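Welcome! Here is a short briefing to read alongside the sequence and the 3D view. Take a look at both before going on.

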Amino acid sequence: MEQIIAQLCQLKIVPVIAVDRAEDIIPLGKALADNGLPVAEITFRSAAAEDAIRLLRKAQPNMLIGAGTVLNREQVMTAKQAGATFVVSPGFNPNTVKVCQELNIPIIPGVNNPSAIEGAMELGLKLLKFFPAEPSGGLLMIKAILAPYTELQIMPTGGIGPKNICDYLAVPRIVACGGSWMVSKALVDSQNWQEIGRLTREAVALVNGINK
């Protein structure tokens, strides 16, 4: 997990992706990697997720690939077998966390309150997803939550875009932010890889100017 945290700290952005056609992930992954962002969270909101993870792992063997919206044991096993590097879930489910630990695949579960944080920390987790970030109070809430949990690191997702990502990343224990503006469903569905590449370049340039 420490290696993944180090990679996320360097990358700063995790593109959150939903694809309806698994084969779209190959040019999409290339657009991300070629423009400085070799990371993707492929969500299980789509039936194409498993095949997309498998195809991306083959096409981009060195890419950091997360399986997102993972809700149960079956999806954890599917994600691992397909080649995911780590798992992300929208909420904190102790059973899902324990399955990931049994299978030795890192998990970043979602939390937005102290009770969920303490439950996750009890299971040895130190990097958590704060979700949904903006509707749950945004930076004010995150700063308040980080204060008593001195070893906690956060990856906020939800409502984060070019206008506020730098504010989030300026907080020392925010490792990276999840975002989908450079990989929106409209862009993916229209197969506009050039625009995805352009937005990715802009996003990378934007966050690389942040010093902590």
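Does Lys12 count as buried or exposed? At 16% relative accessibility, Lys12 counts as buried, where buried means under 20% relative accessible area, exposed over 50% and partly exposed in between, with a 1.4 Å probe and protein chains only. Please keep in mind that this is a predicted model, in which local features need pLDDT of at least 70 and side-chain atom pairs count only at pLDDT 80 or more, while totals for chains, interfaces and linings use all residues. Residues are numbered from 1 along each chain as its sequence is written, and side-chain values use heavy atoms, with hydrogens and water left out.

**The sheet**

- An open sheet is formed by 8 strands in the order E7-E6-E5-E4-E3-E2-E1-E8, with parallel pairing; strands (E, at least two residues) and helices (H or I, at least four) are DSSP runs numbered from the N terminus.
- Its edge strands are E7 (153-156) and E8 (177-179), each of which pairs on one side only; two strands pair if DSSP finds at least two bridges between them.
- From one strand to the next, the twist averages 30°.
- Helix H1 (residues 2-11) packs on the sheet, touching E1, E2, E3 (64-68), E4 (86-89), E5 (107-111), E6 (127-130) and E7, where contact means heavy atoms within 4.5 Å.
- The direction of H1 makes about 100° with that of E3; angles run from 0 to 180 degrees between N-to-C directions, and axes are lines fitted to C-alpha atoms, for helices over the stretch in contact.

**Strand E1 and its neighbours**

- Strand E1 (residues 13-17) pairs with strand E2 (residues 39-43) in the parallel sense over 2 bridges, and Val16 stands opposite Glu41 in E2.
- E1 also pairs with E8 in the parallel sense, over 3 bridges, and the bridge partner of Val14 in E8 is Gly178.
- E1 is mostly covered, with 5 of its 5 residues buried.
- Ile13, Pro15 and Ile17 point one way from E1, Val14 and Val16 point the other way, and all are buried.

**The nonpolar core**

- There are 77 residues in the largest nonpolar core, a core being a set of buried Ala, Val, Leu, Ile, Met, Phe, Trp, Tyr and Cys residues joined through side-chain atoms within 4.5 Å.
- Leu8 and Ile174 have the most contacts inside this core.
- Helix H10 (residues 193-207) provides the largest share of the core, 5 residues.

**Two helices side by side**

- Helix H4 (residues 73-82) and helix H5 (residues 94-103) pack at an angle of about 35°, their axes 9 Å apart.
- On the H4 side, the contact is made by Arg73, Val76, Met77 and Lys80, and on the H5 side by Thr96, Val99, Cys100, Glu102 and Leu103.

**Backbone details to look for**

- Lys12 lies in the loop between H1 and E1 and has a positive phi of about 75° although it is not a glycine.
- Gln191 is another residue other than glycine with a positive phi, near 55°; Gln191 sits in the loop between helix H9 (185-189) and H10.
- With a relative accessible area of 42%, Gln191 is partly exposed.
- Phe131 and Pro132 are joined by a cis peptide bond, with omega about -10°, and Pro132 lies in the loop between E6 and helix H7 (138-146).
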